Amino acid sequence: MKKYERIRNLREDMDMTQTQVGEYLHISQRSYAHYEAGTREIPIDILMEIADLFEVNIDYIVGRTNIKEKLPMN
């Protein structure tokens with residue numbers, strides 16, 4: 001699996017374009033495309049926003065778990 005293949009899959013599952021996700025994140029489509037391709041590391045603040053957008057656990061995005069659900073907040 002590519003490094004950030006899961007964010008592409010999550011985006012496609014929500015029928016969103018890279019442009020739409022970029023707009024949500026306040027970044028360009030091109031910057032977001034680099035994240036999906038794994039050619040740029042995703043800053044933690046952007047990673048948190050992506051997890052919020054797709055309502056998944058950050059560990060799921062980075063491949064540390066196969067559990068999508070967010071952890072409960074303390």
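These legends walk you through a predicted model of one protein chain.

**About the model.** Residues are numbered from 1 along each chain as its sequence is written.

**View 1. Five helices make up the elements of the chain.** The protein chain has five helices and zero strands, in the order α-α-α-α-α from the N terminus. Its radius of gyration is 11 Å, close to the 11 Å from the globule rule for 74 residues, so the chain is as compact as a globular protein of that length. (Helices are DSSP runs of H or I with at least four residues, and strands are runs of E with at least two; the radius is taken over C-alpha atoms, and the rule is 2.2 Å times the number of residues to the power 0.38.)

View 2. Of the 74 residues, 34% count as buried, meaning under 20% relative accessible area with a 1.4 Å probe, protein chains only. The protein chain exposes about 5000 Å², with carbon and sulfur atoms supplying 49% of it (Shrake-Rupley method, 1.4 Å probe).

**View 3. How confident is the predictor in helices α2 and α5?** Confidence is given as pLDDT, from 0 to 100 for each residue. Helix α2 (residues 18–25) has the highest confidence, at 98, and helix α5 (residues 58–61) the lowest, at a mean of 92.

Terms used. This is a predicted model: local features need pLDDT of at least 70, side-chain atom pairs count only at pLDDT 80 or more; totals for chains, interfaces and linings use all residues. Side-chain values use heavy atoms; hydrogens and water are left out. Buried means under 20% relative accessible area, exposed over 50%, partly exposed in between (1.4 Å probe, protein chains only).
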